[in-house]
Amino acid sequence: MAAPTALEGFDAHAAAGADSHAAAGVRGEAPLPRRKFKKYFRETGWRHIVGVVVAVFAIFPLLYVLSASLNPGGTLLTANGLFSNVSIESYVDLFQSETHPYGAWFVNTLMIGLITAAGTVILGALAAYAFSRMRFTGRRFGLTTLLVVQMFPQMLAMVAIFLLMVQISDIFPAIGLNTQIGLIMVYLGGALGVNTYLMYGFFNTIPASIDEAAKIDGAGHARIFFTIILRLVAPILAVVGLLSFIGTSSEFVIASIILIDPEKQTLAVGLYKFISDEFSKNWSLFAAGAVLAAILPVALFLALQRYIVGGLTAGSVK
């Protein structure tokens, strides 16, 4: 049998060194020394405390409203103890009242909100595309005007809108006062402005080389807009649609002066009736209706979340 060579001795020594190195841990992955509490609190600890306080501050009103909706007492004074009395009577009574048709309010809000959001997205996208891609006289003045007009609150136009809808009712009753179509048209009349300006900034981030390449292939502005640009600006369309739906669903002033019949009113106007009467306020029904009304914007947000988070323009141009 041959005697062990120097190479075999070297291999045994290397293996022993590797084992000792593995036992000691790989360089760069050794556990860091534990920080002292003062240093931890000064660097990151105080941020955790602030986060907990903000979370409690934001969650407590939601829990209080949910507790009030489950309280059969009907007053806020008996709802001070969170979930001390739990009952679903308020949720059942919402859909059984003949004078307060909550189911009709829910459907009306859903229909008006979705139609207004879709119209806002279409009108805003068309205007933003024109301002972003076309050069015409008055372009800069038009953008400035849209932004300045939105600085005035809608409350200033309440009387003018009411008188206008009364006059329209005499000529076209189908789109005048006490009609949901008329309310939608009023909302769409104020759809331009901030939404257009917001979309305009996002449209500018889409490279113009995409339009030029499509024009070389013979595509016009309409085909470029509907088949190419709209897909690339999907995130901003989702944001504008969501904001429009939330704003329309919670709008009270204009809806209260245009919609008169209880069967045609929205949730914001209808829920106010539960607490408007001085001698028959029912905060439990109001809270239950508010909890159910919150399902609409939350569901829409979850449905559009992937468009809001993701940026679809990344990698569109090589």
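This report looks at the pockets, aromatic rings and nonpolar cores of one predicted model.

Residues are numbered from 1 along each chain as its sequence is written, and side-chain values use heavy atoms, with hydrogens and water left out. In this predicted model, local features need pLDDT of at least 70 and side-chain atom pairs count only at pLDDT 80 or more, while totals for chains, interfaces and linings use all residues.

## Two pockets

A pocket is an open set of points on a 1 Å grid over the protein atoms alone, where a 1.4 Å probe fits, with protein on both sides within 12 Å along at least five of seven lines. Lining residues have an atom within 4 Å of a point. A volume is the space filled by probe spheres set on the points, which are joined across faces, edges and corners.

The largest pocket has a volume of about 670 Å³. It is lined by 24 residues, and those closest to its centre are Q150, Q154, Y187, G190 and A191. Helices here are DSSP runs (H or I, at least four residues), numbered from the N terminus. α4 (102–133), α5 (139–149), α7 (180–189), α8 (194–203) and α11 (234–249) each give at least two residues to this lining. The largest share, four residues, comes from α11.

The second largest pocket has a volume of about 240 Å³. Of its 14 lining residues, S249, S250, L267, A268 and A293 are the closest to the centre. Two or more residues each come from α11, α13 (267–276), α14 (283–293) and α15 (295–309). Here α13 gives the most, with four residues.

The table sets out the make-up of each lining. Ala, Val, Leu, Ile, Met, Phe, Trp, Tyr, Cys and Pro count as nonpolar, Asp, Glu, Lys and Arg as charged, and the others, Gly among them, as polar.

| Pocket | Volume | Lining residues by class |
|---|---|---|
| Largest pocket | about 670 Å³ | 12 nonpolar, 11 polar, one charged |
| Second largest pocket | about 240 Å³ | 11 nonpolar, three polar, no charged |

## Helix α13

Helix α13 also stands out for burial. Buried means under 20% relative accessible area, exposed over 50%, and partly exposed in between (1.4 Å probe, protein chains only). Seven of the 10 residues of α13 are buried, so this helix is largely enclosed by the rest of the structure. The buried ones are L267, A268, V269, G270, L271, F274 and I275.

## Aromatic pairs

A pair of aromatic rings is described by the distance of the centres and the angle of the planes. Rings of Phe, Tyr and Trp (its six-membered ring) pair if their centres lie within 6.5 Å; planes under 30 degrees apart count as stacked, over 60 as edge-to-face and the rest as tilted. The whole structure holds 11 aromatic pairs.

One of them joins W105 and F274: the ring centres are 6.1 Å apart and the planes meet at 70°, so the pair is edge-to-face. This pair links distant parts of the chain, with W105 in helix α4 and F274 in helix α13, 169 residues apart. W105 is buried, at 0% relative accessibility. F274 is buried too, with a relative accessible area of 5%.

F131 and F136 form a tilted pair, 5.8 Å centre to centre with 40° between the planes. F131 is buried at 11% relative accessible area, whereas F136 is partly exposed at 37%. Y129, F203, F225 and F226 form one aromatic cluster.

## Nonpolar cores

In soluble globular proteins, nonpolar side chains tend to be buried together. A nonpolar core is a set of buried Ala, Val, Leu, Ile, Met, Phe, Trp, Tyr and Cys residues joined through side-chain atoms within 4.5 Å.

The largest nonpolar core has 22 residues, of which M199, F203, I229, V233 and L237 touch the most other members. Two or more residues each come from α4, α8, α9 (208–216), α10 (221–232) and α11. The most, six residues, come from α4.

What does M199 contact beyond its neighbours within four places in sequence? Contact means heavy atoms within 4.5 Å. The partners of M199 are V121, G124, A125, A128, I236, L237 and V240.

## Two single residues

Most residues other than glycine have a negative phi. N178 has a phi near 65°, a positive value in a residue other than glycine. N178 is found in the loop between α6 (158–171) and α7, and is buried at 13% relative accessible area.

R306 is found in helix α15. R306 is exposed, with a relative accessible area of 58%. From R306 to A238 the distance is 9.4 Å, C-alpha to C-alpha, although they are 68 residues apart in sequence.
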